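Subject: Structure handover

Hello,

Please find the structure below, followed by notes on what turned up in it. Keep the viewer open while you read.

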Amino acid sequence: MADEYICKQDAVDYCKALMNAELVQHTDDWGYGKERYNQTEVILNFIENRQPADVAPVAHSRWIKTADGAECEKCGREAVYQIIDDHWQYEPFCPHCGAKMDGGKNG
Ligand SMILES: [Zn+2]
């Protein structure tokens with residue numbers, strides 16, 4: 001399975017919110033709350049001490065049909081074809097700007 005990446009700050013924020021909830025919800029049974037608080041703090045420390053991975057955000061685009069072929073929606077450069085499964089098809093990535101051609105517009 002390929003590695004998957006998440007936002008470190010989201011995980012840190014979530015752990016801190018959980019710890020805060022334990023402080024608020026278990027003041028009457030603090031033995032139980034303290035145990036849960038400490039478990040979450042162990043996970044938080046693990047996440048905070050991880051080295052960041054060398055990951056770049058993925059840019060998304062799509063091929064737009066033109067009069068004589070197609071062009072990348074993101075950079076406007078001409079589409080490139082290749083043979084995939086014995087058929088000429090557009091490249092799954094733009095060779096000019098590196099966008100992943102999955103139709104997205106969030107890149
Ligand atoms: Zn492009």
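In these notes Ala, Val, Leu, Ile, Met, Phe, Trp, Tyr, Cys and Pro count as nonpolar, Asp, Glu, Lys and Arg as charged, and the others, Gly among them, as polar. The model is predicted: local features need pLDDT of at least 70, side-chain atom pairs count only at pLDDT 80 or more, and totals for chains, interfaces and linings use all residues. Residues are numbered from 1 along each chain as its sequence is written, and side-chain values use heavy atoms, with hydrogens and water left out.

The pocket

A pocket here is an open set of points on a 1 Å grid over the protein atoms alone, where a 1.4 Å probe fits, with protein on both sides within 12 Å along at least five of seven lines; lining residues have an atom within 4 Å of a point. The volume of the largest pocket, about 370 Å³, is the space filled by probe spheres set on the points. Its lining divides into 8 nonpolar, 1 polar and 3 charged residues. Among them are Y5, F46, R50 and P52. Helices α1 (8-25) and α2 (30-48) each supply at least two residues of this lining; helices are DSSP runs of H or I with at least four residues, and strands are runs of E with at least two.

The zinc site

Which atoms coordinate the zinc ion? They are the SG atoms of C72, C75, C94 and C97, at 2.3 to 2.4 Å. Donors are N, O and S atoms within 2.8 Å of the metal (3.2 Å for Na, K and Ca). The angles between the 4 donor atoms run from 105 to 113 degrees, so the arrangement is tetrahedral (four donors, all angles between 85 and 135 degrees). C75 lies in the loop between β2 (69-72) and β3, and C97 in the segment after β4, so this pair ties together parts that are 22 residues apart in sequence. C75 is partly exposed at 31% relative accessible area, and C97 is partly exposed at 31% as well. Buried means under 20%, exposed over 50% and partly exposed in between, with a 1.4 Å probe and protein chains only.

The hairpin

Strands β3 (residues 81-84) and β4 (residues 87-90) pair in the antiparallel sense over 4 bridges; pairing requires at least two bridges found by DSSP. I83 stands opposite W88 in β4. Between the strands are 2 residues, and D85 takes a positive phi near 50 degrees. D86, in the loop between β3 and β4, has a positive phi near 70 degrees and is exposed at 74% relative accessible area.

Regards

Note on methods:
Four donors count as tetrahedral if all angles lie between 85 and 135 degrees; four count as square planar and six as octahedral if opposite donors are over 155 degrees apart and all others between 65 and 115; anything else is irregular.
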